[in-house]
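Welcome! Please keep the view open as you read.

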Amino acid sequence: MISDPVFNQKLSILIKGTHVNQKTQDILIDAGKIISIAPNQNTNDAELIIDGTKTLALPGLINTHTHAAMSLLRGYADDMHLQEWLSEKIWPLEAHLTGDDVYIGTKLACLEMIRSGTTAFNDMYFFMDRAAQAVDEAGIRAQLSHGMITFGDPKKFAAEQKATKDLVACVKQMNNSRITAAVAPHAPYTVPPDHMRWCAEFSAEEDIGLHIHVSETKSEVDSVLEMYGKKPALLLDECGCLTERTVLAHGCWLDSDECALIAKRSASVAYSPCSNMKLATGRALPYDELEGVGATVGLSTDGCSSNNNLDMFEEMKFASLYQKAFWGKDTTLPAHEVLRMATESGAKAMRIPSGVLAPHAPADIVLIGLLHPSMVPLYNDVSNIVYAANGGMVETVLCDGALLMHERIIPGEADILEKARTTALDLISRRN
């Protein structure tokens, strides 16, 4: 049991007797960081003691590409062709979104992520000042960006520039180390090169991330080739958009030269296997090529309208299975590489010092229960985490040294769920 549970506050915390790297260990936390990982630590060193016996500790999972407030669109439009899904269902509904909708949708997404062990996410959507408010209240980490879609229209571009600048100013004013901003040109087929160059320059000036969809489908690649005579990654590089601050979502149709260029520029790719399979993008991410040239690949769920959940445990399993099935190679993307993708690599992509359980690292920690049939026997921690566990087995979550969930209890959960239900119904009524 926990001694005097205190949620959402940085305290000196001792997790007693949890399973770390095949050993029983105690984890001491103070001022938001891991102080030590060792057996039989002194309980006098902590204000709060968590019984970690019968649990397995791992770093908080990191979701490198989301549209969090699309949690309100879960199940609204399924089993459609991608472009029809976007143009006939998603974009028309999104035209009716308000800041309040995005606030509640992001609250719902954060709740789902905490419950399933995610402590950081990279988000692109609209009304992102309200998303920032939701993240601040939820207690997890996020990189937030306004999705810019201009189609070359100067007036639209000016409005998108303002929205991006306003978000950056909002995040700075919040002065919350868990929340950062990014610039997000939606994709090379929706944002022309001159607008993309501004995004690259603004990212550099502000030292913020750049988040963009790239090469999700063959038709997208073909349209970029037809418009600009270059493959998407080469076009982005010409515009200055390929840097160590860049996260490229999807990348299913990247070719060998593009993979090498991405690695050379130290950019990262966010792999979304469930969304890619559901939307039948036609090709799995060329993971072996990216890994072979040393590119950073993170894991992501995409939004809830194309997944339809934010469970990164499920995503880890599908990440490996999709690679094996599509490329016909049973040894590709083994469990330890998948777990690294969902933790260390995700942290590198988002430029945050999380993703590991080690002294001096941020105390972003997930405890999953071992008293589940699918966790017995425990021959190999990593294998069970990737191939046997699911988000419903998460029992306790800490982020930045604060307790966000304990024994599956999250303060205020019922209120968030009820508000999300009524908000979703109201949004659909406005569309109709």
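## A first look at Arg197

Arg197 has a relative accessibility of 33%, so it counts as partly exposed; here buried means under 20% relative accessible area, exposed over 50% and partly exposed in between, with a 1.4 Å probe and protein chains only. This is a predicted model, in which local features need pLDDT of at least 70 and side-chain atom pairs count only at pLDDT 80 or more, while totals for chains, interfaces and linings use all residues. Residues are numbered from 1 along each chain as its sequence is written, and side-chain values use heavy atoms, leaving out hydrogens and water.

Arg197 has a partner: Glu238 forms a salt bridge with Arg197, and their closest N and O atoms are 4.0 Å apart. Glu238 sits in helix α7 and Arg197 in helix α5 (residues 193-206), so the pair ties together parts that are 41 residues apart in sequence. Helices (H or I, at least four residues) and strands (E, at least two) are DSSP runs, numbered from the N terminus.

## Salt bridges

Side chains of opposite charge can pair when their charged atoms come close. How many salt bridges does the structure hold? There are 25, counting each case where a side-chain nitrogen of Lys or Arg lies within 4 Å of a carboxyl oxygen of Asp or Glu. One of them joins Lys156 and Glu160, with the closest N and O atoms 3.9 Å apart. Both residues belong to helix α4 (residues 154-174), where they are four residues apart, about one turn of the helix. Lys156 is partly exposed at a relative accessible area of 37%, whereas Glu160 is buried at 6%.

Lys218 is partly exposed, with a relative accessible area of 44%, and Asp222 is partly exposed at 35%. Elsewhere, salt bridges that share partners join Lys10, Arg141, Asp364 and Asp400 into one network.

## The buried side of helix α6

Which residues of helix α6 (residues 218-228) are buried? They are Glu220, Val221 and Val224. These residues cover an arc of only 100 degrees around the axis, which puts them on the same side of α6; the arc is that of the directions from the helix axis to the C-beta atoms.

The buried residues of α6 pack against β10 (209-214) and α7 (232-238). Just after the helix comes Gly229, which takes a positive phi of about 70 degrees.

## Nonpolar cores

A nonpolar core is a set of buried Ala, Val, Leu, Ile, Met, Phe, Trp, Tyr and Cys residues joined through side-chain atoms within 4.5 Å. The largest one here has 110 residues, and those with the most contacts inside it are Leu58, Phe121, Tyr271, Phe313, Met316 and Ile368. Helix α2 (residues 99-115) supplies the largest share of this core, nine residues.

Take Phe313 as an example. Leaving aside neighbours within four places in sequence, Phe313 is in contact (heavy atoms within 4.5 Å) with residues including Leu58, Leu61, Ile368, Ile385 and Val394. A second, separate core of 16 residues includes Ile27, Leu357, Leu367 and Leu398.

## Glu94 and its surroundings

Glu94 lies in helix α1 (residues 82-94) and counts as buried, at 12% relative accessibility. Not counting residues up to four places away in sequence, Glu94 touches Met70, Tyr125 and Phe126. With Tyr125, the side chain of Glu94 makes a side-chain polar contact at 2.7 Å. A polar contact is a pair of N or O atoms within 3.5 Å; within protein, one must be able to donate a hydrogen and the other to accept it, and residues adjacent in sequence count only if both atoms are side-chain atoms.

## Aromatic pairs

Rings of Phe, Tyr and Trp (its six-membered ring) pair if their centres lie within 6.5 Å; planes under 30 degrees apart count as stacked, over 60 as edge-to-face and the rest as tilted. The count comes to five aromatic pairs. The rings of Tyr125 and Phe126 have centres 4.9 Å apart and planes at 35 degrees, so this pair is tilted. For Phe326 and Trp327, the centres are 4.9 Å apart and the planes at 80 degrees, so that pair is edge-to-face. Ring pairs also link Phe157, Trp198 and Phe202 into a cluster.
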